[in-house]
Amino acid sequence: MTMPDQASTSASALEIVTVACLSDNYAYLVKGPDGVAVIDAPEAAPIIDALEARGWTPAVVMITHHHHDHVGGIKALRDRYGCTVMGPKAEADKIAAQGEALDMELEPGFEGGTGAGRCQVLAVPGHTLGHIAFYYPEGGALFTADSLMALGCGRLFEGTPAMMWQSLTSLAALPDEIMVYSGHEYTQSNASFALSIDPDNAALQRRAKEIAQARVKNAPTVPVALGVEKATNPFLRAGDAEMKKTLGMEGVADVEVFAHIRSAKDRF
């Protein structure tokens, strides 16, 4: 069952709409000085409904990785709006194999747009090998899909723990006030796991209660400030001395602690 479209949020001069798709996916509409972009396209219908309700016409669809629950709506959006579809060059073949071809292949380091709409393409491999994130430095927004997720990170379907740890470390180096928009509504289950391995984290305890209250109302738990993630997300805290002490892994390399946490989550 598709979840209802959610209300707009704002990040600096960007207007961002969270669109619930499929059973637990999110797509995002981003309106800035250069027009409207759709970030990820799990399915077309709710995205079209959200666009039409606002009278918005997207110029681009921006894809983070090749999984079907992020690309399934590309063709219908392109057919309706004539928009340019762009996504990771490293995964262009896998996207094309699903009948959802890219018009523009992006590589990490690419940058486009102006002002709050300036967007940088970041490499975040781990969940998939060519996964990218979209970062708006002036807009204060970071779209991470299935790399960094609220209180979690994506499963390592293609990459290694070292790849994902490097991706998360690079994202954690961004400013604390950046708002993180991830690709799924997994936060409540992620909170349960986080509390199981980090039970004495007061910030995490508070956040888990806030998340439970939001979900009772069917409200989204994203976006979230990166600084909040750094304090509560166990995957970002794999290098933290207190986290290592809690896990009984003092003196263990950060990446090995991360791998341990990821493995524990896979079995949770």
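The following paragraphs lead through the annotated residues of this structure, and then through its pockets and its cavity.

The structure is a predicted model, in which local features need pLDDT of at least 70 and side-chain atom pairs count only at pLDDT 80 or more, while totals for chains, interfaces and linings use all residues. Residues are numbered from 1 along each chain as its sequence is written, and side-chain values use heavy atoms, with hydrogens and water left out.

UniProt, in an unreviewed entry, lists His-65, His-67, His-127 and Asp-146 under "binding site". UniProt positions are given in the numbering used here, feature names are shortened, and such annotations may be inferred rather than shown by experiment. These residues span 82 residues in sequence, yet no two of their C-alpha atoms are more than 9.9 Å apart, so they gather at one spot.

His-65 is found in the loop between strand S5 and helix H2 (68–71). Helices (H or I, at least four residues) and strands (E, at least two) are DSSP runs, numbered from the N terminus. His-65 has a relative accessible area of 0% and is therefore buried; with a 1.4 Å probe and protein chains only, buried means under 20% relative accessible area, exposed over 50%, and partly exposed in between. Apart from neighbours within four places in sequence, the contacts of His-65 include His-70, Glu-91, His-127, His-131 and Asp-146, where contact means heavy atoms within 4.5 Å. The side chain of His-65 also makes a polar contact of 2.9 Å with the side chain of Thr-64. A polar contact is a pair of N or O atoms within 3.5 Å; within protein, one must be able to donate a hydrogen and the other to accept it, and residues adjacent in sequence count only if both atoms are side-chain atoms.

Asp-146 is found in the loop between strand S11 (141–145) and strand S12 (148–149). Because its relative accessibility is 4%, Asp-146 counts as buried. Beyond residues up to four places away in sequence, Asp-146 touches several residues, among them His-65, His-70, His-127, His-131, Cys-153 and His-184. Its side chain makes a polar contact of 3.3 Å with the side chain of His-127, and another polar contact, of 3.1 Å, joins the side chains of Asp-146 and His-70.

Asp-69 lies in helix H2. With a relative accessible area of 21%, Asp-69 is partly exposed. Leaving aside neighbours within four places in sequence, Asp-69 is in contact with Leu-22, Asn-25, Pro-42 and His-184.

The pockets come next. On a 1 Å grid over the protein atoms alone, a cavity is a set of points where a 1.4 Å probe fits but cannot get out, and a pocket is an open set with protein on both sides within 12 Å along at least five of seven lines; lining residues have an atom within 4 Å of a point. Grid points are joined across faces, edges and corners, and a volume is the space filled by probe spheres set on the points.

The largest pocket has a volume of about 340 Å³. It is lined by 22 residues, and those closest to its centre are Val-60, Met-62, Gly-113, Gly-117 and Tyr-136. The lining divides into 15 nonpolar, five polar and two charged residues. Here Ala, Val, Leu, Ile, Met, Phe, Trp, Tyr, Cys and Pro count as nonpolar, Asp, Glu, Lys and Arg as charged, and the others, Gly among them, as polar.

The second largest pocket has a volume of about 260 Å³. Of its 18 lining residues, the closest to the centre are Met-149, Cys-153, Gly-154, Arg-155 and Tyr-186. Strand S13 (152–153), helix H6 (187–197) and helix H10 (254–267) each give two or more residues to this lining. By class, the lining of the second largest pocket has six nonpolar, seven polar and five charged residues.

One cavity of 30 Å³ or more is found in the whole structure. The largest cavity holds about 40 Å³ of space. Its lining includes Tyr-26, Thr-64, Ala-145 and Gly-183. Strand S11 gives the most to this lining, with three residues.
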